[in-house]
Amino acid sequence: MSILTAWINRAIWFGTVIMFASTGEIITEKSGNLNLGVPGVMFLGGFAGFAGAYYYENATANPSAAMIILIALLCGFAAGALGGLIYSVLTTTLRANQNVTGLALTIFGIGFANFFGVRVLGGGTSVKAAFARSVFATPIPGLSALGHVGNIFFSYGFMVYLAIIVALVVHWFMYSTRPGLNLRAVGENPATADAAGINVTRYKYAATCVGCGITGLGGVYYVLDYGYGTWSTANSIEALGWLAVALVIFATWKPRNIIWGAYLFGLLYWLYNYLPTLMGFSLPIYATQMFQTVPYVVTILVLIFISTKKKRENQGPAALGLSYFREER
Amino acid sequence: MFPAGAGGIRPGRCKGECSLDTNASIKLRNITKRFGTTLANDRCWLDINRGEILALLGENGSGKTTLMNMLSGIYYPDEGQIFIDDKEVVIRSPKDAFDLGIGMIHQHFKLVDVLTAAENIILGLPGKGRLDMKAVSDKVRRICQTYGFDIDPDQKIYDMSVSQKQTVEIVKVLYRGAEVLILDEPTAVLTPQETKTLFKVLRNMRDDGKAIVIITHKLHEVEEVSDRVAILRKGSFVGDMPTKDTNAREMTNMMVGRPVALNIERPDPVDPKPRLEVRNVNLTDEEGIQRLFDVSFTANSGEILGIAGISGCGQKELLEAIAGLQRPDSGSITFMPEGQEARELIGLTPRQIQQQGVVLSFVPEDRLGMGLVGSMDITNNMMLRSYRSGSTGFLDMKSPRDLGEDIVKRLEVVTPGVTTPVRQLSGGNVQKVLVGREIASAPSVLMTAYAVRGLDINSSYTIYDLINQQKKEGVAVIYVGEDLDILIGLCDRILVLCSGRVNGIVDGRTADKEQIGLMMTRLEGGEQEGGSANG
């Protein structure tokens with residue numbers, strides 16, 4: 001039982017990182033921008049969030065919990081949004097190819113974070129923001145002590161619950177509000193949206209920047225809770241970033257589906273570590289990486305399944321990946 | 001240059017009670033728009049009145065749509081002024097146009113497929129952030145009742161027929177409180193019955209005091225529905241007049257700029273011999289719906305066989321079956337070349353058909369989807385037919401380019417050059433390129449589907465001439481058309497399809513429109529009285 005609980009705990013930590021990232025990416029993709037810069041944006045957000053928290057707690061004698069949360073989230077969101085702004089300027093204003101721009105943003109984000117990370121590391125290979133970590137990992141008092149139930153549902157830091165709330169709010173925004181409807185129209189058919197009087201450029205910018213900001217929060221959660229509050233020269237943000245892109249497809253572009261999809265991906269990703277123990281056999285080292293591909297395989301299977309169903313609602317936005325130019329004939 | 005005060009040169013001519021400079025509710029003055037080096041509109045004038053249906057007439061590329069796009073905010077004019085009720089306005093975006101009560105229904109519908117009708121209708125409108133779809137649906141239903149529309153606000157667009165989609169577009173514009181409705185070739189995609197319904201609705205709206213502009217190049221529609229007609233030629237305003245004071249000939253001459261013969265030549269077939277024999281063909285499409293039932297006919301050399309029918313009655317499937325693109329369930333399609341033994345075409349791919357030495361030319365309905373590659377230039381599109389020729393691994397670029405240049409010259413294709421992507425050409429010019437390529441391969445069977453759809457009179461007649469020329473050279477021509485007058489004027493025999501069945505073959509020289517119209521809509525049962533015989 002304890003192994004199963006540990007597995008679920010791990011899946012939920014893991015899932016929270018990609019839940020933020022995927023929710024952000026859905027907002028971006030709904031505007032027709034296929035941003036493959038998710039890993040880069042997560043790096044930017046993670047680094048900025050960590051750096052903000054780290055400098056704050058080292059500069060202050062008695063750091064406050066509320067303040068450090070505010071600083072970390074603000075820095076992470078702003079850095080992510082800035083990445084989105086770069087992407088928007090290149091693809092929406094200058095109409096550069098979205099795939100190339102996205103991949104470049106990934107490389108840029110990783111490079112930027114690691115380059116300035118050297119200053120934070122100050123010569124070492126890892127530094128820890130211990131106070132920030134303790135704040136971000138504080139479970140819900142009282143409820144978390146309720147045995148297995150408390151352990152499975154209430155033993156996490158606040159961002160786990162924040163991720164669910166963000167996903168639900170985004171879903172509500174997308175399907176129950178006027179701007180949400182307009183946003184979906186922009187991604188489906190920008191010419192139509194334009195003719196209907198929607199400012200396509202503004203929607204694309206806003207959706208991409210806000211989306212990337214939320215993706216950046218995924219990076220913050222990765223560093224300050226999932227990664228035990230440590231910034232180091234080696235981490236697996238990039239792998240999680242690509243998985244977040246896959247999760248968007250898996251969730252058929254619906255933020256609601258991201259919630260269970262993220263946890264499922266978490267379970268599958270950590271399959272190699274817990275399932276063998278649970279079943280009572282040991283896995284050779286070379287097989288673990290193969291097991292880690294399971295989420296990707298599942299995504300491919302889902303893609304095949306969706307395409308055979310031919311249901312229009314489950315497809316991505318029709319104009320995803322295409323630049324829009326009003327006077328193009 | 002321009003007389004002061006008058007707002008510029010008063011161009012063109014007027015006949016009867018000319019409405020220019022009167023109290024028109026919308027006035028366009030000296031509007032100029034350039035696309036790169038192309039002049040789309042050149043100091044254009046236009047007046048639009050409330051309570052009137054104005055037909056905006058002109059050939060392809062005469063700048064009708066561009067001019068209206070500037071009124072609806074899609075484009076912004078390079079020069080000129082727009083007045084609404086004598087107040088100058090600036091329309092920078094579709095939103096500005098909506099605010100001024102101008103709404104346009106585009107030829108290519110601007111609808112989001114995965115959304116419902118109601119969602120499409122309120123798209124982009126200001127209002128409370130939270131959506132109340134029920135209230136929207138109710139308001140949509142009310143508008144539908146007022147003008148006699150029939151749509152379900154909660155239906156998804158991808159589930160709708162073309163005419164339903166068009167209705168959604170019109171309701172969308174009305175929902176926004178438009179007083180001026182611009183319709184860009186609204187009937188191009190409609191059946192005659194649907195067109196009739198549309199015209200009725202347009203008249204209702206006119207009587208309600210709205211200004212209606214309908215862009216078209218179909219003269220009989222101008223005559224049927226409009227109160228006034230304005231004519232554009234090569235981007236400039238030529239003149240306007242009340243519809244009742246003019247006639248088809250005058251309008252055509254004004255459109256083209258010179259007298260045009262409206263007669264179609266029909267030489268008698270010389271020595272017709274069976275060339276293509278279709279026997280008892282049945283065909284079921286991918287979705288499992290049977291499209292063709294026991295279709296049989298013979299196409300003769302040196303003859304034009306017309307195929308009439310309401311759209312979607314198996315015309316497309318029939319041509320595609322002959323071309324080897326769809327495989328019939330049963331039956332035979334036999335090609336009988338002169339002095340050689342007959343060949344069976346069913347079961348062969350288009351490439352195998354070609355390898356057998358059968359030169360079949362096919363001008364499909366979907367020009368830029370099946371006929372040409374839009375983003376490639378004329379030379380490369382020529383190469384689609386010839387890229388396999390030659391023995392080396394390198395492409396022969398020269399002969400396709402020569403062919404392209406030849407077609408541009410002979411068919412008077414308006415294009416900056418053979419290196420321009422065909423997507424950028426106007427509809428008529430795209431069609432000329434396609435037809436030119438298809439007849440360049442010296443076919444023995446030429447199949448055309450809606451060859452003149454969307455083309456203006458002048459281009460249409462060029463196409464008819466080309467088809468007639470092929471006929472004289474002994475080609476068996478199969479002409480799928482929608483305009484019965486043209487079918488009767490051009491074809492030697494007319495096969496009428498009704499719901500995938502051959503409902504009779506009539507002689508084009510003696511057939512009359514009523515008879516064919518009836519055959520198109522009503523399947524003849526066992527008693528064939530006067531059905532397949534001549535009228």
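A few ground rules come first. Residues are numbered from 1 along each chain as its sequence is written, chains are lettered from A and ligands numbered from 1 in the order in which they are written, and side-chain values use heavy atoms, with hydrogens and water left out. Because the model is predicted, local features need pLDDT of at least 70 and side-chain atom pairs count only at pLDDT 80 or more, while totals for chains, interfaces and linings use all residues.

Chain B splits into domain 1 (49-74 + 90-256), domain 2 (274-357 + 443-534) and domain 3 (374-442), with bounds that come from an automatic or database domain assignment. Taken over C-alpha atoms, the centres of domain 1 of chain B and domain 2 of chain B sit 34 Å apart. Each of these two domains brings 10 residues to the contact, where contact means heavy atoms within 4.5 Å.

About 780 Å² is buried between domain 1 of chain B and domain 2 of chain B, and carbon and sulfur atoms give 55% of that. Buried area here is the accessible area (1.4 Å probe) that two parts lose on being put together, summed over both. On the domain 1 side, Glu59(B), Asn60(B) and His217(B) lose the most area, together 43% of what that side buries. Helix α8 (residues 248-256) of chain B gives the most to that side, with three residues. Helices (H or I, at least four residues) and strands (E, at least two) are DSSP runs, numbered from the N terminus.

What about salt bridges between these two domains? The count is zero, a salt bridge being a side-chain nitrogen of Lys or Arg within 4 Å of a carboxyl oxygen of Asp or Glu.

The whole structure, over all chains, has 33 salt bridges. One of them joins Asp86(B) to Lys27(B), with the closest N and O atoms 2.9 Å apart. These partners are 59 residues apart: Asp86(B) is in the loop between β5 (79-84) and β6 (87-89) of chain B, and Lys27(B) is in strand β2 (residues 26-35) of chain B. Asp86(B) is exposed at 52% relative accessible area, whereas Lys27(B) is buried at 12%. Buried means under 20% relative accessible area, exposed over 50%, and partly exposed in between (1.4 Å probe, protein chains only).

Another salt bridge, between Asp138(B) and Arg141(B), has its closest N and O atoms 3.6 Å apart. Both residues lie in helix α4 (residues 133-147) of chain B, three residues apart, about one turn of the helix. An α-helix has 3.6 residues a turn, so residues three or four places apart point the same way. Asp138(B) is partly exposed at 32%, and Arg141(B) is partly exposed at 36%.

Now for some buried pieces. Helix α1 (residues 64-71) of chain B is largely enclosed by the rest of the structure, because seven of its eight residues are buried. Among them are Leu67(B), Met68(B) and Met70(B). After α1(B) comes Gly73(B), whose phi is positive, near 85 degrees.

In strand β17 (residues 360-363) of chain B, Leu360(B) and Phe362(B) point one way, Ser361(B) and Val363(B) point the other, and all are buried. β17(B) pairs with strand β18 (residues 445-449) of chain B in the parallel sense over four bridges; strands pair if DSSP finds at least two bridges between them. Opposite Val363(B) you'll find Thr448(B) in β18(B).
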